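Work through the exercises below with the sequence and the model in view, and try each task before reading its solution.

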Amino acid sequence: MTATLAAPQTRWRGTDFATQVLVLTQRSLRTLVSDPRMIVFSILQPLIMLTLFSQIFASIANTPGFPAGVSYIDFLMPAILVNTAMQSALQAGVGLVTDMKNGVLARFRSLPIRLGSVLVARSLSDLVRTAAQLVLMLLFAVTIFGFSPAGGIAGVAGALALALAVGWALGWIFLAIASWLRNAELMQTVGFLAMFPLMFASSAYVPVSGLPGWLQAIANVNPLTYAVDAARALALSHPVTGVVAALGTSAVLAVIGWVFAVRGFRRPL
């Protein structure tokens, strides 16, 4: 008799990292699309901000120190893009906490997937959501408020890309905070305390020269000021000096956020 040799058994290690990220990103996007309320409210809030600020602060365009020949909506819109991306970054952290609480991540831990792929997928799905928000806001600003900056389509596209880069990097910071706090209410409180002074103690809504002296000192060291100024320079076709600094800072923040998010995420639930 001829003995039949058994084939060596190999342990199944699951799919590769890129496939895991792709599948998990699609899952997050399907969850978003399946609930129209999430889409409506995620778009409604920044549109309300755009409407209020463009009407309340429109007279600032007539004050000394405001850029000559620039309408307030053209001045405001790049800042709204950056601020909306920052607010969407906070929602990335809140969404991660929600997944931790509803048992989704506990099920993921029982599967042969890398936990880092869950974080990357979350950041990518939020990046897609933020991009959709910003594009809709731009369409709204163009059709309703006459947003038409000197930089044209190329300048607006550059401002949009910069806002997305800043928002994606901040998203990693909020993912890191969420992975350690693991509390949605506390996460939102921390996010609000961080974003509120960043938004208003900056050049987002008025030129820095129009702020009180003590607030000018804060605005001059506020990283959001540099991101807003760079996005505004791209949109208005002004000399661009801060894009590299904004992108470099975003890259550093993304790396720091990734390291701490992975460490916090690996802690037992």
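**Exercise 1: a pair of helices**

In this predicted model, helix α6 (residues 152-181) packs against helix α10 (residues 243-265) at an angle of about 25°, with the two axes 7 Å apart. Decide how α6 and α10 are oriented to each other, and find which residues make the contact.

Solution. Begin with the angle, which is about 25° for α6 and α10. Angles under 35 degrees count as roughly parallel, and α6 and α10 are therefore roughly parallel to each other. Next, look at the handedness, where α6 is found to pass α10 in a left-handed crossing. The residues that α6 brings to the contact include L162, W168, W172 and W180, while those from α10 include L253, W258, F260 and R263. Sorted by class, the residues of this contact comprise 19 nonpolar, 4 polar and 1 charged.

**Exercise 2: two partners of α3**

Compare the way helix α3 (residues 72-101) meets helix α2 (residues 36-56) with the way α3 meets helix α9 (residues 223-236), taking angle, handedness and contact residues in turn.

Solution. Start with α2 and α3, whose axes lie 10 Å apart at an angle of about 150°. Because angles over 145 degrees count as roughly antiparallel, α2 and α3 are placed in that group. The crossing in which α2 passes α3 is right-handed. On the α2 side the contact consists of Q45, P46, M49, L50, F53 and S54, and these meet Y72, I73, L76, M77, I80, T84 and Q87 on the α3 side. The classes in this contact are 9 nonpolar, 4 polar and no charged residues.

Turn now to α3 and α9, whose axes come within 9 Å and cross at roughly 130°. This pair is therefore oblique, and the crossing of α3 and α9 is right-handed. From α3 the contact draws on D74, F75, P78, A79, V82, N83 and M86, and from α9 it draws on L224, A227, V228, A231, R232, A235 and L236. The division by class gives 11 nonpolar, 1 polar and 2 charged residues.

**Exercise 3: a pair of rings**

How are the ring planes of F192 and F196 arranged: stacked, edge-to-face or tilted?

Solution. The structure as a whole holds 13 aromatic pairs. For F192 and F196 the ring centres are 5.4 Å apart and the planes stand at 35°, so this pair is tilted.

**Exercise 4: the whole chain and its annotations**

Describe the make-up of the protein chain, and then relate it to the spans listed in UniProt.

Solution. First take the elements, of which the protein chain has 10 helices and 0 strands. The C-alpha atoms fill a box of roughly 100 × 35 × 35 Å along the principal axes. Then consult the record: an unreviewed UniProt entry lists residues 37-268 as "domain: ABC transmembrane type-2", and over this span the chain is 77% helix and 0% strand, with its end C-alpha atoms 32 Å apart. The unreviewed entry also lists spans under "transmembrane region", among them residues 38-60 and 242-262. Residues 38-60 are 83% helix and 0% strand, with end C-alpha atoms 34 Å apart, whereas residues 242-262 are 95% helix and 0% strand, with end C-alpha atoms 30 Å apart.

Note on methods: Residues numbered from 1 in each chain as written. Predicted model: local features only at pLDDT ≥ 70, side-chain atom pairs only at ≥ 80, totals over all residues. Heavy atoms only, no water. Axes fitted to C-alpha atoms, helices over the stretch in contact; angles between N-to-C directions. Helix = DSSP H or I, 4+ residues; strand = E, 2+ residues; numbered from the N terminus. Parallel < 35°, antiparallel > 145°, perpendicular 65-115°, else oblique. Left-handed = near helix turned anticlockwise from the far one by under 90°. Contact = heavy atoms within 4.5 Å. Nonpolar A, V, L, I, M, F, W, Y, C, P; charged D, E, K, R; others polar. UniProt positions renumbered as here; feature names shortened; annotations may be inferred. Phe/Tyr/Trp six-rings, centres within 6.5 Å; stacked < 30°, edge-to-face > 60°.
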